[in-house]
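Please read it alongside the sequence and the coordinates.

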Amino acid sequence: ITIKDIARHLSISVSTVSRALGDDKNIRKETKEKVIEAAKRLGYRPNPVAINLKYGYTNTVGVIVPEMVTPFASRVINGIQEVLHTKNIKVIIAESGDTRNGEKDPCVSKGLIQSYYHKRNKEEYARLQQAGMPMVFYDRIPYGLEVPQVIVDDYMKSFFLVESLIRSGRKQIVHIQGPDDIYNSIERVRGYKDALAKFGIPFDKNNMLIKTGMTFEEGKKAADILVERNIPFNAIFAFTETLAIGAMNRLRELGKKIPEEIAVASFSGTELSNIVYPKLT
C-alpha cells in the first residue's frame, strides 16, 4: 500500500496525504485523522529509505573493517548493531581489504565507525571532520588525528604475553609482525622488545622479527622464512591469530612438535584460538 492508494481511497490528492502523514501543521485536523485512519485500515507502512532520501538524510552509520575472516570483526559489528538498532539507526558494513581505497566512506549520514586507518588518507578524514561527520576508530587507531578511539593497551598486553613465554622457559622468541603502517603493530613490537630487554635477551631484527601481512597464508610463509634462514627459535609471538595459525600449521607439516618444541602465542583471543589444536596462547 502506498500513499497513492490512500489518496485514491479518500479521493484527495497525493500531496495532501503525504503532508498529513508528515504531520504538516497546514493540514486540517479532521483531514489528518481521516488519512491516519485510512492508512491503518489499508495497512500502509512508510518506507524509511524513501523518506530519508526525500529529506537527503540516510540515518545510517558506516562500519569499515579491514577483513571479515576473523571472528573479531563480526563480534564488534554485532555489538554496534545491537546499540544502534535501539536508536533506529541502520548500519552499512564495508570491508577495506587493508587497502587505501577500501576505506573510502560509504553513503552515510550519522557517522563512521572504523577499524582501519591508512595514513595516506589523513587529509580525507580531516575533510570529513570539517564537514561535520562524526567518526569513531576502534582497534586500529589513526595516529595524530584527534578523533574518539576505542582501544586496548597493545603495548602492555604484548609485553605481558612475551614475559609469560619467557617465564615458561622460552628464550628464543620470534615475533611475526603485522604491517608497518598499523599503529597496533608498532606498539606490539615495542612490547615484545621491552619484554626481551627486561630479561636481558638480546634483540636481533634479522633473526627475531619477521614482517609480513595478516593472513593464514602469510603466517605459513613466515614459518618457511624462519626455517630457510635456519633461525633458532623455540617460541613464536604473532601479531594476530591468523598469522599464528598459519605458522603453526606449517611447522606441524614440517614435523615440529607444538608446543613441546615450539610454543605459539598470538594477540586477540577470539574463537579461532580455541578451535585449533593445540589451542593458541
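## Aromatic cluster and charges over rings

In this predicted model, Tyr155, Phe159 and Phe160 form one aromatic cluster. Rings of Phe, Tyr and Trp (its six-membered ring) are paired if their centres lie within 6.5 Å; planes under 30 degrees apart are called stacked, over 60 edge-to-face, and the rest tilted. The ring of Tyr155 also has the charged end of Arg190 over it, 4.0 Å from the ring centre. A charge is taken to sit over a ring if NZ of Lys or CZ of Arg is within 6 Å of the ring centre and within 35 degrees of the ring normal. Arg188 lies over the face of Phe267, with 3.6 Å to the ring centre.

Residues are numbered from 1 along each chain as its sequence is written, and side-chain values use heavy atoms, without hydrogens or water. Local features need pLDDT of at least 70 and side-chain atom pairs count only at pLDDT 80 or more, while totals for chains, interfaces and linings use all residues.

## Aromatic pairs

The structure holds 5 aromatic pairs. One of them, Phe72 with Tyr138, is tilted, at 6.4 Å centre to centre and 50 degrees between the planes. Phe72 belongs to helix 5 (residues 71-85) and Tyr138 to strand 4 (residues 135-138), so the pair ties together parts 66 residues apart in sequence. Helices (H or I, at least four residues) and strands (E, at least two) are DSSP runs, numbered from the N terminus. Phe72 is partly exposed at 33% relative accessible area, whereas Tyr138 is buried at 7%. Buried means under 20% relative accessible area, exposed over 50%, and partly exposed in between (1.4 Å probe, protein chains only).

Tyr192 and Phe203 have ring centres 6.2 Å apart and planes at 80 degrees, so this pair is edge-to-face. Tyr192 lies in helix 8 (residues 183-198) and Phe203 in the loop between helix 8 and helix 9 (205-208), 11 residues apart. Tyr192 is buried, with 0% relative accessibility; Phe203 is partly exposed, with 31%.

An open sheet is formed by 4 strands in the order 7-6-8-9, with parallel pairing. Two strands pair if DSSP finds at least two bridges between them. Strand 7 and strand 9 (263-266) are at the edges with a single partner strand each, so one side of each has no neighbour in the sheet. The average twist from one strand to the next is 20 degrees.

Strand 6 and strand 8 (residues 235-238) are joined by 4 bridges, and His175 has Phe237 as its bridge partner in strand 8. Strand 6 and strand 7 (residues 209-211) are joined by 3 bridges, with Ile176 opposite Ile210.

## Cover of strand 6

In strand 6 (residues 173-177), 5 of the 5 residues are buried, so the strand is largely enclosed by the rest of the structure. Ile173, His175 and Gln177 are on one side, and Val174 and Ile176 on the other.

Helix 7 (residues 154-167) packs on the sheet and touches strand 6, strand 8 and strand 9, contact being heavy atoms within 4.5 Å. Its direction makes about 170 degrees with that of strand 8. Helix 10 (residues 216-228) lies across strand 6, strand 7 and strand 8, at about 135 degrees to strand 7. Axes are lines fitted to C-alpha atoms, for helices over the stretch in contact, and angles run from 0 to 180 degrees between N-to-C directions.
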